[in-house]
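Biologist: I would like to learn how to read side-chain features from a model, one feature at a time. Could you take me through them slowly?

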Amino acid sequence: MRRHPAHPLRILFAVAALGPAAAGAIDEYRLDDGVKENGIGIQATGSNSIAWLNRFVVTAGNETVTAVRLAFGADLLAGDNIPNGTPVTVYLWYDFNQDGDPGDAVVLASGQGVVASSGTNAFSTVPLALPVTLAAGEVVFAGAIVDYQGQFRVASIDADGTDSIPPYPPNDHAFLAGSNNGMAVDPTALALAQFPVAPVRSALFGGNGDGTWLVRLNAQGVAAPVPVVTPPTLDMGAVDIGASSPPQTVGLANAGTALWQVLALLPAPLPDGFQALPGTCGLPPFALAPGQACDLQVVFAPDRHGHHVWNAELAGNTPPGSAVFQARGMGTLFADGFD
């Protein structure tokens, strides 16, 4: 057990000798290499509260944060790891002035979970109650707060460098705050905690080292529909005036991650000679869930001689011009094609 008097927050350390983390999916946001060196906790016998958090920069394609993942405690031999089942609240904070300092960060979302796999390198996933969508390049903080009684090692730290994806500078990307006076750390006022939020570089290492918490984020791209329309062109052929072609099919599919709402077939009214039939889609308005597909049908019934073209657009919650097809046909005077 080591104490670092450089900060008034008295800390428990335990060296972890756990070997490489188990192979698995790569988290969308991470600063650690998957192996903790220490378990951190407040050295007091009464009511304690500790907040630990990492700073992340939002990347394109991972704008919607869905869950916080974290490891707990030191090594399995420590004997004073935070007990499994202890309540934990995870938070996502927004750095509204983008200065990289969590002292004035605001809470965007939270989630409730419990400590699990304490003393190992295994990560526990705690979903946010509501996913949060941010803009690429924005700075956020993510971490947790645990309130507990007695001396336990709670938060796991990687103190020997980073293995992040994408690579982050190793300096001052991790912070902590705490109290041992029975007052829980307020997530909306980290700077007002008994031991105000500070970089782990100063709070734990007196300026002679650094580290990052084993805190990661799961995220996904911004949810959006992606329309797929096939084929792009329908050739209805030559049809006598007053007659109708056999129906031809336009396939619609949603390859995106959000509901595709088709509100209208444009232009409205449809050009002379063309009719839209419901098919399996129905006529607009209708909607396709992610992964869903259906068919529309088009009939050509010319009422005049010559070429007919319908540049069709399925207007809705997709960008203009992203869901289009063309139907074309020839109106003829006689079945044998003489006109």
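Predicted model: local features only at pLDDT ≥ 70, side-chain atom pairs only at ≥ 80, totals over all residues.

Biologist: Let us begin with charged side chains; how many salt bridges does the structure hold?

Modeller: The structure holds four salt bridges, and one of them joins the side chains of arginine 153 and aspartate 80, with N to O at 2.2 Å. Arginine 153 sits in the loop between strand S8 (139-149) and strand S9 (155-158), while aspartate 80 sits in the loop between strand S4 (64-70) and strand S5 (87-94), so the pair ties together parts that are 73 residues apart in sequence.

Biologist: Are arginine 153 and aspartate 80 buried or exposed?

Modeller: Arginine 153 counts as buried because its relative accessibility is 6%, and aspartate 80 is buried as well, with a relative accessible area of 17%; the cut-off for buried is under 20%.

Biologist: Which residues are linked in a network of salt bridges?

Modeller: The network is made of Asp172, Arg201 and Asp210. Aspartate 172 forms a salt bridge with arginine 201, where the closest N and O atoms are 3.0 Å apart. That pair links distant parts of the chain, since aspartate 172 is in the loop between S9 and strand S10 (174-179) and arginine 201 is in helix H1 (residues 200-203), 29 residues apart. Arginine 201 also meets aspartate 210, side chain to side chain, in a salt bridge of 3.4 Å, N to O.

Biologist: How should I class the accessibility of aspartate 172, arginine 201 and aspartate 210?

Modeller: Aspartate 172 is partly exposed, with a relative accessible area of 28%, and arginine 201 is partly exposed at 23%, whereas aspartate 210 is buried at 13%.

Biologist: Turning to aromatic rings, what describes a pair of them?

Modeller: A pair of aromatic rings is described by two values, the distance of the centres and the angle of the planes. A search of the whole structure finds eight aromatic pairs, among them the pair of tryptophan 52 and phenylalanine 72, which is edge-to-face, with 6.4 Å centre to centre and 85° between the planes. Tryptophan 52 lies in strand S3 (residues 47-57) and phenylalanine 72 in the loop between S4 and S5, so this pair ties together parts that are 20 residues apart in sequence. Both tryptophan 52 and phenylalanine 72 are buried.

Biologist: Which residues form one aromatic cluster?

Modeller: One aromatic cluster is formed by Phe274, Phe300, Trp310 and Phe325.

Biologist: Finally, which residues make a nonpolar surface patch?

Modeller: Phe96, Val106 and Leu108 make a nonpolar surface patch of about 250 Å². Valine 106 lies in strand S6 (residues 106-114), and valine 106 counts as partly exposed because its relative accessibility is 37%.

How values were computed. Residues numbered from 1 in each chain as written. Heavy atoms only, no water. Patch = residues over 30% accessible without salt bridge, like charges linked within 9 Å, V, L, I, M, F, W, Y side chains within 5 Å. Areas by Shrake-Rupley, 256 points an atom, 1.4 Å probe, with all protein chains shown as cover. Helix = DSSP H or I, 4+ residues; strand = E, 2+ residues; numbered from the N terminus. Buried < 20%, exposed > 50% of the residue type's maximum accessible area, 1.4 Å probe, protein only. Phe/Tyr/Trp six-rings, centres within 6.5 Å; stacked < 30°, edge-to-face > 60°.
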